[in-house]
Amino acid sequence: MNDAAVHRRLDALWRMESPKLLARLTRITGNIDTAEELAQDVLLGALERWPRDGVPDNPAAWLMTAAKHRAIDHVRQRQLHARKQGEYGIELELQGADMQGDDAQRRADDDIGDDLLRLLFVSCHPVLPMESRVALTLRMLGGLSTAEIARAFLQQEPTVAQRIVRAKRTLAEKQVAFEVPRKAELRERLDAVLEVLYLVFNEGYAATSGEDWMRPALCEEALRLARVLVGLLPDESEALGLLALMELQASRMPARAQADGRPILLPEQNRARWDRLQIQRGFNALDRAQRLGGSKGPYALQAAIAACHARALRAEDTDWARIAALYALLVQAMPSPVVELNRAVAVGKAFGADVALPIVEDLVVMPQLRGYAPLHAVHGDLLQQLGRADEARREFERAAELTGNAREREVLSARAAACVGA
């Protein structure tokens, strides 16, 4: 395997394994910055050794073992300056003297039982503002870059980077212990955890950057954690709403791309390839959320919209008027220019492009959406429907320039080309 192939494999593996390494290193060191530094040391070590020595038989285990060794070295260096009794206990744990018994006791002492979900709750500490909790956790445990998080928040990358730095500093200054909250305390952190899972799933479902249209591993991990969370808190309607949304959206994934990876947009998808079992799981979760009184929650409303698509066996059978009405409720529950943009799409499908165009033109001047590729794509689509081909072409070209995803750029460039001479 040549160096480039090794680097590609390591990059893919790192996206999947780095959250687990950070979880372990943060638990051992009690410090996020230290954990990230040690994790980067592990990555650099792999980049140096794997091209020379070959990829290990179990590369994930190699990374975890290397992380533990880095942690041992770090603890020993600290002990040279301050020989604290607690640090001896940490080193004994690292060297395996009582690792099994300690892990068993730790699992018995908390109600969560899943390492990654446990650290999600730990990181979403109420000492931080909500947006800081979400940004920090997405960076550490979601595997998202600062740029990807900034796009999710519709904010500038430096703003998000500073928010993450301040969050780490606050946790250090407040000497926040990385302890698992008891079940009675989970609910005050639940909103942040749900938002993290939601954004991680969305990044997997429609990647904001890179060569791939989707990142299925992110969707699978977010969905897995949502299922664990609902098992932990079965009466939380918004957790059920989010699970329903994920199940329904994920059911379309087999039909969302061609064999070569090119995207297939919703109207052109072969709905026979949608996973009907997963759709039924989504319906069941949505029904439970609604029976618990959560029908007006933002995740349940989005799940209800996804359910409208799932019930339509053909694209032309879609109840767009119902979807537009649900988006109107969602705008109230979760005010956002992106939600309003999606409402405009539904309004256009239900009542015509001429009705939807004024909604989109109001959004074009909003600073939050400056540089937001989907806005220009929707604007172009409506202009094309109204026969304004030259204006539509310019909007599709602008959207293609702005998107960070190569596959999406291909689709938008093709739409722009189709407008020439139309």
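Colleague: What radius of gyration does the chain have, given its 422 residues?
Modeller: This is a predicted model, in which local features need pLDDT of at least 70, side-chain atom pairs count only at pLDDT 80 or more, and totals for chains, interfaces and linings use all residues. Residues are numbered from 1 along each chain as its sequence is written, and side-chain values use heavy atoms, leaving out hydrogens and water. A compact globule with 422 residues would have a radius near 22 Å (taken over C-alpha atoms, as 2.2 Å times the number of residues to the power 0.38).

Colleague: What percentage of the 422 residues of the chain counts as buried?
Modeller: The C-alpha trace spans about 75 × 55 × 40 Å along its principal axes. Buried means under 20% relative accessible area, exposed over 50%, and partly exposed in between (1.4 Å probe, protein chains only). By that criterion, the buried share of the 422 residues is 48%.

Colleague: How many helices and strands make up the secondary structure of the chain?
Modeller: Both are DSSP runs numbered from the N terminus: helices are H or I with at least four residues, strands E with at least two. The chain comes to 20 helices and two strands.

Colleague: Why is the pair of Trp50 and Trp62 classed as it is?
Modeller: The whole structure holds three aromatic pairs (Phe, Tyr or Trp rings, the six-membered one for Trp, with centres within 6.5 Å; planes under 30 degrees apart are stacked, over 60 edge-to-face, the rest tilted). For Trp50 and Trp62 the ring centres are 5.3 Å apart and the planes lie at 75 degrees, so the class is edge-to-face.

Colleague: Which helix holds Trp62, the partner of Trp50 in helix H2?
Modeller: The pair links distant parts of the chain, twelve residues apart, with Trp50 in H2 (residues 32–53). Trp50 is buried at 2% relative accessible area, whereas Trp62 is partly exposed at 22%. Trp62 belongs to residues 59–81, helix H3.

Colleague: Over the ring of which residue does the charged end of Arg256 sit?
Modeller: A charge sits over a ring if NZ of Lys or CZ of Arg is within 6 Å of the ring centre and within 35 degrees of the ring normal. Arg252 lies over the face of Trp274, at 5.7 Å from the ring centre. For Arg256 the distance is 3.8 Å, to the ring centre of Tyr205.

Colleague: How far apart are the end C-alpha atoms of helix H11?
Modeller: Among the buried residues of H11 are Leu218, Cys219 and Leu232. The helix has 17 residues (216–232) and should span 24 Å, the expected span being 1.5 Å times one less than the number of residues. The separation of the end C-alpha atoms agrees, at 24 Å.

Colleague: Is His376 buried or exposed?
Modeller: His376 is found in helix H18 (residues 373–385). Beyond its neighbours within four places in sequence, His376 is in contact (heavy atoms within 4.5 Å) with Glu395, Arg398, Ala399 and Leu402. With a relative accessible area of 13%, His376 is buried.

Colleague: With which residues is Gln368 in contact, leaving aside its neighbours within four places in sequence?
Modeller: Gln368 is found in the loop between helix H17 (353–364) and H18, and is partly exposed at 37% relative accessibility. Once neighbours within four places in sequence are left aside, its contacts are Leu154 and Pro337.
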